[in-house]
Amino acid sequence: MSRWQEPQAIAELAREITVVRRPNPVTALYHWRYEIGALLVLPYALFSLFRAVGPIWGAVVLFGVANWLFYWKSARRFLRDRLRSVVVQHRLRTGFARARVCTLDGKLPVILWTKPRGDEVEVTVFCPAGVGYERIEQRRALLAAACFATDVHVYRHHKRANVVHLSVCTARLRKDADDDAELAPTPRYAGQTDGAAVPLPAPVAGMPRAVWR
C-alpha cells in the first residue's frame with residue numbers, strides 16, 4: 001500500500017466501524033411527517049364523519065370511498081405511487097446507514113424531497129460535510145437492494161456539490177431482457193449519464209434549514 005492510499009484506507013476503516021448518529025428531533029419529525037399526519041388527520045376525519053351522519057351512513061360513505069378507490073384506476077395509481085415514495089424514503093435511509101454512506105462521525109444524508117414519476121421515484125438528498133456524490137455512487141447497488149429496486153441512478157446538482165439526485169427504479173426487468181441490462185432513467189433524466197448536473201426541484205428551494213442539520 002502506497003503512502004497516499006494509507007489515509008484513505010484509515011478513513012474507510014473509521015467509517016465502517018463508526019456508530020451512525022440518530023437524527024435531531026426536527027429532522028426525525030420531518031422524516032415521519034406522512035405517518036404523523038395520517039395518525040392525526042384520519043382519526044379526526046372518521047370521528048367527524050360518524051358524528052355528522054351517524055354510524056350507518058358513515059359506514060356507507062366509507063364503503064363508497066373504498067369502492068371508488070378500488071375501481072378508479074387513476075386514484076388507485078396515485079395512492080400506490082405516494083405509498084411507494086414513502087417506503088422508498090425509509091428504505092433509503094436504512095440503506096445509507098447499512099452501506100455506511102455517512103461521515104466519519106456517523107452523520108447521514110438528509111432526504112429533502114421525493115416524487116414518484118412513472119416506474120421510478122426521484123429523490124433529492126442533502127449531503128453533510130464528508131459525504132458527496134462519489135460516496136453515494138459507490139454504494140448505488142447496495143442502495144438499490146435496500147429499496148427493493150432494480151437500479152439507482154445518481155446525478156449531481158448543477159450548482160451545489162452537497163445536493164445529489166437519486167432516481168430509484170422500481171420497475172421489473174422484462175423476461176426477454178438480459179440480466180446485465182439496466183433500465184433507462186425517467187424522461188426527466190433522458191439523455192443524461194450518471195453524474196450529470198440536474199437542477200434542484202422548486203419545492204426544495206423553500207425547505208427550512210432546520211431539516212438540513
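User: Which residues are linked in a network of salt bridges here?

Analyst: Arg80, Asp81 and Arg84 are linked in that way. Before we go on, this is a predicted model: local features need pLDDT of at least 70 and side-chain atom pairs count only at pLDDT 80 or more, while totals for chains, interfaces and linings use all residues. Residues are numbered from 1 along each chain as its sequence is written, and side-chain values use heavy atoms, leaving out hydrogens and water.

User: How do you know that the rings of Trp68 and Trp72 are a tilted pair?

Analyst: Rings of Phe, Tyr and Trp (its six-membered ring) pair if their centres lie within 6.5 Å; planes under 30 degrees apart count as stacked, over 60 as edge-to-face and the rest as tilted. A search of the whole structure finds 1 aromatic pair. The ring centres of Trp68 and Trp72 are 5.0 Å apart and their planes meet at 45°, so the pair is tilted. Trp68, with 45% relative accessibility, is partly exposed, and so is Trp72, at 42%.

User: What lies over the face of Tyr30?

Analyst: Arg33 does, at 4.0 Å from the ring centre. A charge sits over a ring if NZ of Lys or CZ of Arg is within 6 Å of the ring centre and within 35 degrees of the ring normal.

User: What makes a set of residues a nonpolar core?

Analyst: Its members are buried Ala, Val, Leu, Ile, Met, Phe, Trp, Tyr and Cys residues joined through side-chain atoms within 4.5 Å. The largest one here has 25 residues, and Leu92, Phe96, Val123, Ile136, Leu166 and Val168 have the most contacts inside it. Elements giving two or more residues to this core include helix H4 (73–98), strand E2 (120–126) and helix H5 (133–138). H4 gives the most, with 4 residues. Apart from this core lies another, of 5 residues, among them Trp113 and Phe126. Helices (H or I, at least four residues) and strands (E, at least two) are DSSP runs, numbered from the N terminus.

User: How do you know that the span of H4 is close to the expected one?

Analyst: The expected span is 1.5 Å times one less than the number of residues. H4 has 26 residues, and its first and last C-alpha atoms are 37 Å apart, close to the expected 38 Å. Just after H4, Arg100 takes a positive phi of about 60°.

User: Which residues does Ile136 touch, not counting those up to four places away in sequence?

Analyst: Ile136 touches Val101, Cys127, Leu143, Val154, Val164 and Leu166. Contact means heavy atoms within 4.5 Å.

Note on methods:
Buried < 20%, exposed > 50% of the residue type's maximum accessible area, 1.4 Å probe, protein only. Salt bridge = Lys/Arg side-chain N within 4 Å of Asp/Glu carboxyl O.
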